[in-house]
Amino acid sequence: RAGNQPDERWLMFSELVDACVRGTGRPDELVSISRIANEIIREICKRDDWDDDIVEEMIPYPDPPLVDQPLVWRPEVGRQRFRRPLYVEDGCGCKVMFVRPSARMKFTDRFFYRSGEDLVFSMNVCFPIKFSYYAYPAWLKYFPKNSRPAEWDIGEGDWTGTPSEVDIERVSNWVLERHWAVVEAGTMARFFALKQDPRQTVHYSIYQQGISHIIRSESSAELNAQ
């Protein structure tokens, strides 16, 4: 198995990159490995609809009020992280349907559609609007040692000091906290594949097995089907 031993894993992105740099023996590729690790995290998130990726926002009454015009709204996470809507309900308790701009909008009372980075809601919706959607985790940055916003103490099983939630989110996410080894294997596999290195095969196998374990342990698809 590549990378750190289990007792060295600190659940953090920068430590993951350090482990992959050591495993590949390529400190000159740190930037590339950081990018690949972020891509693997996002790839894992695309494999299923994970509860940890759900974001809920409440769209309040517009101020000033809208007059004969639709509401144009941008999700807090922005275009790069917004994945897709989950459930949208307006203040009257009515479901708001997602549609693509088409003739169908003439026959739908409450609807919204995407326009660039924004979402446009029909004039018939009531406020406030409860908007639930899936979002990708934020892209993580590599921080050198002794300059990391938050650090995990493996012995204490907790974060060192009292870092803020914002700082913790800058160095980790739910995928790393629970499936660090899978991200590591995927990163190593992708890196070796790009270099046409035969070591890619074993890491890719570990990665795919890890994905299967995540789906069995984390996915709510089976519960939703009941």
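Two strands pair if DSSP finds at least two bridges between them. Helices (H or I, at least four residues) and strands (E, at least two) are themselves DSSP runs, numbered from the N terminus. This is a predicted model, in which local features need pLDDT of at least 70 and side-chain atom pairs count only at pLDDT 80 or more, while totals for chains, interfaces and linings use all residues. Residues are numbered from 1 along each chain as its sequence is written, and side-chain values use heavy atoms, with hydrogens and water left out.

Start with the whole protein. Its secondary structure comes to six helices and nine strands. The C-alpha atoms fill a box of roughly 60 × 40 × 35 Å, taken along the principal axes. Of the 226 residues, 45% count as buried; buried means under 20% relative accessible area, exposed over 50%, and partly exposed in between, with a 1.4 Å probe and protein chains only. Contact means heavy atoms within 4.5 Å. Among contacts between residues at least 6 apart in sequence, 70% join residues at least 24 apart.

Now the sheet. Four strands form it, in the order S2-S6-S5-S4. The sheet is open and its pairing is mixed. Strand S2 (71-73) and strand S4 (97-98) stand at the edges, each with a single partner strand, so one side of each lacks a neighbour in the sheet.

S4 pairs with strand S5 (residues 111-115) in the parallel sense, over two bridges. Methionine 97 stands opposite phenylalanine 111 in S5. Phenylalanine 98 stands opposite phenylalanine 112, also in S5.

S5 then pairs with strand S6 (residues 118-121) in the antiparallel sense, over four bridges. Here tyrosine 113 faces valine 120 in S6. S5 and S6 form a hairpin with two residues between them. In that turn, glycine 116 has a positive phi of about 65°.

Next, the helices. Two packed helices are described by the angle between their axes and the distance between the axes. Axes are lines fitted to C-alpha atoms, for helices over the stretch in contact, and angles run from 0 to 180 degrees between N-to-C directions. Helix H4 (residues 174-194) and helix H5 (residues 200-218) pack at an angle of about 150°, with their axes 8 Å apart. That makes H4 roughly antiparallel to H5; angles under 35 degrees count as roughly parallel, over 145 as roughly antiparallel, 65 to 115 as roughly perpendicular and the rest as oblique.

Which residues make the contact? H4 contributes Trp174, Arg178, His179, Val182, Ala185, Gly186, Met188, Ala189, Phe192 and Ala193. From H5 come Gln200, His203, Tyr204, Ile206, Tyr207, Gly210, Ile211, Ile214, Ser217 and Glu218.

Threonine 187 also lies in H4. Is threonine 187 buried or exposed? Threonine 187 is buried, with a relative accessible area of 1%. Leaving aside neighbours within four places in sequence, threonine 187 is in contact with Leu16, Cys20, Ile33, Ile36, Ala37 and Ile40.

Last, helix H3 (residues 165-171), which holds isoleucine 168. Isoleucine 168 is buried, with a relative accessible area of 11%. Not counting residues up to four places away in sequence, isoleucine 168 touches Ala150, Trp159, Pro163 and Glu177. The C-alpha atoms of isoleucine 168 and histidine 213 are separated by 25 Å. Along the chain, isoleucine 168 and histidine 213 are 45 residues apart.
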